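Please look through the sequence and the model together before reading on. The notes below take the structure topic by topic, and each point can be followed on the display.

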Amino acid sequence: MLREELDLALSWAAAEGWNPGLDDAVPFYEADQQGFLIGLLDDQPVAMISAVTYGTSFAFMGFYIVRPEYRGRGYGWQIWQAAIDRLANRNIGLDGVPDQQDNYRKSGFILAHRNIRYQWSGHPLPPQAPLPGGASLIPLDGAALSSLKRYDRAFFADDRTHFLRCWIVQPHCTAIAVQQGEELLGYGVIRRCRDGAKIGPLFADTPEIAASLFSALCSHSDEPVFLDVPECNAAAMALAERHGMHRVFETARMYTQQAPEISLERTYGITSFELG
């Protein structure tokens, strides 16, 4: 895709009910400018998919849409194969709806865990949790990019510095970190979406730090807030349910190779890519 075609893609995603962020196009495109594929029929777009690379070993697929009037003709399979070919020899991740797991298994994907999407109504505001001694909440753009890159690397399968650099400064976005001395103890981002706002990511060294970040991020939205939680993190599930959030959706995280060694026990909210 060209950059302007990604705006069309976002409108397709919204029509599917995927609720993308208002300003998602720039950070997603900067992650990998060759990573968004579009299928044309007589120069008209009929299918699309993302096949975004990170570092040298990882990739993520998503954003897999065929226009309704062109479904059932094999165009989706063609663009899927083009994406798989582009990502050859990498460990590929995706988040799929559960009823598509069998189809993804046929392409070599293996279930790792489920992600549960929670919704918070916006009232009352979660109470501020105490922070460790000497730690404080700071705007994330005030932390050195090197510190953010080092901290984030524990939660993602490869380097995604280009994405993060754009993700934390996009319009309609608030990014907050907990810092102690020169070290980060957690960070989170909330961004406006077509419907409400989404928190993602939300990483923290302890449940208390996660709760403090969650409260601070929610204070920047007077609309419904969505949070995608790895089901395997009991503390993250408890955080969502303790604040009266309710389940609205779930996805299956799958990989073509062994699940990467990332810190799911400190992952309280994933970046809800929608676009992969």
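In this predicted model, helix α8, which covers residues 234-242, has A236, M237, L239 and A240 as its buried residues. Seen down the axis of α8, these buried residues fall within an arc of 155 degrees, so they line one face of the helix. An α-helix has 3.6 residues a turn, so residues three or four places apart point the same way.

- At the start of α8, N233 places a side-chain oxygen within 3.1 Å of the backbone nitrogen of A235, while just after the helix G244 has a positive phi of about 75 degrees.

- Strand β7, made of residues 173-180, has six of its eight residues buried, so the strand is largely enclosed by the rest of the structure.
- On one side of the pairing, β7 is joined by five bridges to strand β6 (residues 135-139), and these two strands run antiparallel; within this pair, S136 stands opposite Q179 of β7.
- Strand β7 is also joined to strand β8 (residues 183-192), here by eight bridges and again in an antiparallel arrangement, and in this pair Q179 stands opposite L184 of β8.
- The hairpin of β7 and β8 has two residues between the strands, and G181 in this hairpin takes a positive phi near 65 degrees.
- Which residues does S147 contact, leaving aside its neighbours within four places in sequence? S147, which lies in helix α5 (residues 145-152), is in contact with E182 and L184, and S147 is buried, with a relative accessible area of 11%.

**Nonpolar cores**

- The largest nonpolar core has 38 residues, and those that touch the most other members are L6, F36, F63, L140 and Y187.
- The elements that give two or more residues to this core are the helices α1, α2, α5 and α6 (161-167) and the strands β2, β3 (58-66), β7 and β8, and among these α1 gives the most, with five residues.
- Not counting residues up to four places away in sequence, Y187 touches a list of residues that includes L140, L148, Y151, L164, I176, L202, F203 and L213, as well as D152 and R160.
- A second, separate core of 30 residues includes I116, W120, I190 and A210.
- In soluble globular proteins, nonpolar side chains tend to be buried together.

**Backbone details**

- A cis peptide bond, with omega of about 0 degrees, joins G200 and P201, and P201 lies in strand β9.
- N19 has a phi near 55 degrees, which is a positive value in a residue other than glycine; N19 is found in the loop between α1 (3-15) and α2 (25-31), and this residue is buried, with a relative accessible area of 12%.
- D43 also has a positive phi although it is a residue other than glycine, with a value near 70 degrees; D43 is in the loop between β1 (36-41) and β2 (44-54), and at 66% relative accessibility this residue counts as exposed.

**Cysteines**

- How many disulfides does a search of the whole structure find? The search finds zero.
- The sulfur of C166 lies 11 Å from the closest cysteine sulfur, which belongs to C173, and this is too far for a bond; C166 is itself buried, with a relative accessible area of 19%.
- C218 is likewise in no disulfide, with the nearest cysteine sulfur, that of C193, 13 Å away, and C218 is buried, with a relative accessible area of 0%.

Terms used
Residues are numbered from 1 along each chain as its sequence is written. This is a predicted model: local features need pLDDT of at least 70, side-chain atom pairs count only at pLDDT 80 or more; totals for chains, interfaces and linings use all residues. Side-chain values use heavy atoms; hydrogens and water are left out. Buried means under 20% relative accessible area, exposed over 50%, partly exposed in between (1.4 Å probe, protein chains only). Helices (H or I, at least four residues) and strands (E, at least two) are DSSP runs, numbered from the N terminus. The arc is that of the directions from the helix axis to the C-beta atoms. A polar contact is a pair of N or O atoms within 3.5 Å; within protein, one must be able to donate a hydrogen and the other to accept it, and residues adjacent in sequence count only if both atoms are side-chain atoms. Contact means heavy atoms within 4.5 Å. Two strands pair if DSSP finds at least two bridges between them. A disulfide is a pair of cysteine sulfur atoms within 2.5 Å. A nonpolar core is a set of buried Ala, Val, Leu, Ile, Met, Phe, Trp, Tyr and Cys residues joined through side-chain atoms within 4.5 Å.
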